[in-house]
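Good morning, colleagues. Please have the sequence and the structure in view while I speak.

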Amino acid sequence: MHFPDPRGSNGSRRLPAAAAVAALAVASLVACSTDDTSTSGSGGAGGGITINVALAANPQMKTAESLISDFESKNPGIKVKFTTLPENDLRPTVTKDVATNGGQFDVVMIGSYEVPIWAERGWIIDQTGYVAEDAAWDKADLNQPIIDILSKDGKQYAAPFYGSSSFLFYRSDLAKKAGVTISQTPTWDEVAAAAAKMDDKANGVSGICLRGLPGWGQNLAAITTVINTFGGSWFDGNWNPQLTSPATVQAVQFYVDLLRQHGQPDAAKDGWEGCLQAMSQGKTAMWYDDTVFAGSVLGSATPEVKQNLAFTMAPTGPAGLASGWLWSWGLGITASSKHPDAAWKFISWATSKDYIKLAGAEAGWDSIPPGSRKSTYEIPEYQESAKSYADLTLESISKANPKQTTVGPVPYQGVQYVQIPEFVDIGDYVSQQIAGAISGGMTVQEAMEKSQAYTTDVMKKAGYLK
Amino acid sequence: MSAVAEAPLSRTEAPGRAPRSARTLSRRERWQRRGPLLPALVFTLILTQIPFVLTIWYSLQRWNLLSGGRKGFNRGSNFVDAFNDPIFWRSAVNTVLIAGVASVASIVIGLLLAMALNSTFPGRGIARTLAITPFFAMPVAVTLFWRSAMFDPTFGLFGFISRSVGLPSVAWLSDYPLVALIILLTWRFAPFALLIMLAGLQSVPQDQVEAAEVDGAGVLLRFRYILLPHLRPFIELAALLLAMNLIQTFGEIALLTAGGPAYGTTNITYYIYLRAFSAFDFGSASALGVVSLVLTIALVLPALRLLSGIFQAEGRR
């Protein structure tokens, strides 16, 4: 009785441990499977379908989220579950999900840079068939350049939620005070001269605010449009990096000089957020940025700024190319979605003419998703509310040509980015170096030489160059 | 009982081990104690060791999510790239600078504050609460606040102060980004050091202090020969905990400077984030993770050995 006891009970003691492990394993399996059903929805006995939508946490998207009861009442049986993430978190989250076929989302909001890449990988499905059947959605009403950047090989892979270009914001009262006139189609030289005159350091008002914060979607977007219109480019026709070519260096030098001489102080920390604040609080006389921020500035501006805010087309450089960029947030259906039809119904609703009218009436005309449809610009209330920038936004978008953004022929598309998967890597590096030049830590020449070497290295590894 | 009867047949090795001294626990008792911990242990293993093994696996592969399906082993070229990557080494130096300087500064400021708060004065309760508040404020909110309301030359407090005394305002985040980051981190972590130092100060043997006073030792001598030796384990503990926290700094960098300019404030954590979740190059990001883990272990092992002495305080004195 003495020695069998420990072993006997040892055997039975081991059981709970094993049971615990098994229970844990089962629990995690259950967790997985419940996750599965809740995320991809089940069209089972209840008859209800749940689609999961990943959105960027921008004001226009938040409006869509708040108006979803309209969709659900028109489409009984379809429930929409939103995952709203800040832009920087949205990209990694949805990329991981679709790249690993995770099936977490049915509808994803992605930028125009990603759409063709994702289409090529087969991560999002061709919407051409849905578009053809959905007459009410009215494809002809969409702005053609916006549809172009959400398509690959002529097939539409995402529906535009909003579209935008870039233009120049300026304060007409400060221009008058400084004795400068800014034409409707200014050149960068004209803008630099105006910035010098309007620069008022004593009162803390900078001549111009430009993005300086590193990031391929931050300072590099603005700088690339300047490079294009100065006659430079990222690559030549054979994918040789052109970052040290005279035109490219001249463009970057111009941007950095303008920012260092007459730009906002501590410029390397400011992305569009910083400039939006500076513009709306009257701390800068001009700002070159996205057309979609016109409504945001007017919404948050001091009365003095609100009355005197004016807009012109994106400034042009020596090469004279129209230089406004082109961006769109599109809604795509993931290849792993189990309910593509319901997903399209949601997309069709969120990008329809009716939705824009609904958002205007319910949430205010400043917060509708702009730029995607021509008909938006024919709504009387919107024309009234956005009269200072509506026509210019439409014109900027229609003048941008993502298929030919540079003077010479290049093998890539995209205005303020290069439509290749490696661009994010290259762009992050180059934007850091240029931010170094903006902060004064290195010269533009040094920054561009480092960038050229890095880019060449990446392009060789990726097989574009021998 | 039937289980007991069957058991000897299946476990023939047991009798040899059966004689146990009364002091050691029987297997049954040991399992009785360990058993309840097992789920937690298994859970921890699943959450830490499996990802770790996967990271090593990924680090040996060419795997970029965006550039398509060309996934496969690339014979350790991710590691060669990591060692040849100047930005990685720069971020390693930045990591050491950020963690080192901010730890030391936090301890010094925390000690000074603790000594001030350890003496009695009216309103001490309020002062203590205020002094430790920065540590409990949310890092994201704090960083955004510092960015726009402190460092910003136009809107910020620093700019306002230097303008009101007639000096030009400093472009902190362009000209001294690393200094600015360390200031913010020190502000945030000094209260943490303060808490540990205060605990140390309150256990200072008062009889020794009084004896030294009677012997005519001044404030500095008392600090050097009584306080500091007493506080040594507390300082070591604070240094280790601070360094562990500060090596992982991420949110402050992402929101204050986005790692820039020219990678001037990029630490290893942020650089791995850029490689993995901006460029989606999981292979090279995993390799960077493995390399930095090896480096961290090499740095932390001596520190841990030092710390283990803290728990045997008698042996150290």
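What we have here is a predicted model. Chain A contains 20 helices and 10 strands. Of its 466 residues, 52% count as buried. Turning to the contacts in chain A with a separation of 6 or more, 72% of them are between residues 24 or more positions apart.

Next, the domains. Chain A is divided into domain 1, comprising 49–164 + 327–385, and domain 2, comprising 166–325 + 404–461. Their C-alpha centres lie 28 Å apart. To the contact between them, domain 1 of chain A gives 10 residues, and domain 2 of chain A gives 11 residues. On the side of domain 1 that touches domain 2, two elements of chain A supply two or more residues each: helix H5 (114–121) and strand E6. By residue class, that side of domain 1 has 6 nonpolar, 3 polar and 1 charged.

Let me now turn to strand E6 of chain A, residues 159–164. Is this strand enclosed or open, and why? A residue counts as buried if 20 or more other C-beta atoms lie within 10 Å of its own. By that criterion 6 of the 6 residues of E6(A) are buried, so the strand is largely enclosed by the rest of the structure.

Which strand pairs with E6(A), and in what sense? The partner is strand E10 of chain A, residues 327–333, and the pairing is antiparallel, over 5 bridges. Within this pairing, Ser164(A) has Trp327(A) of E10(A) as its bridge partner.

Methods:
Residues numbered from 1 in each chain as written. Chains lettered and ligands numbered in written order. Predicted model: local features only at pLDDT ≥ 70, side-chain atom pairs only at ≥ 80, totals over all residues. Buried ≥ 20, exposed ≤ 12 C-beta atoms within 10 Å, placed from the backbone. Helix = DSSP H or I, 4+ residues; strand = E, 2+ residues; numbered from the N terminus. Pairing = 2+ DSSP bridges. Contact = placed C-beta atoms within 7 Å. Domains from an automatic or database assignment. Nonpolar A, V, L, I, M, F, W, Y, C, P; charged D, E, K, R; others polar.
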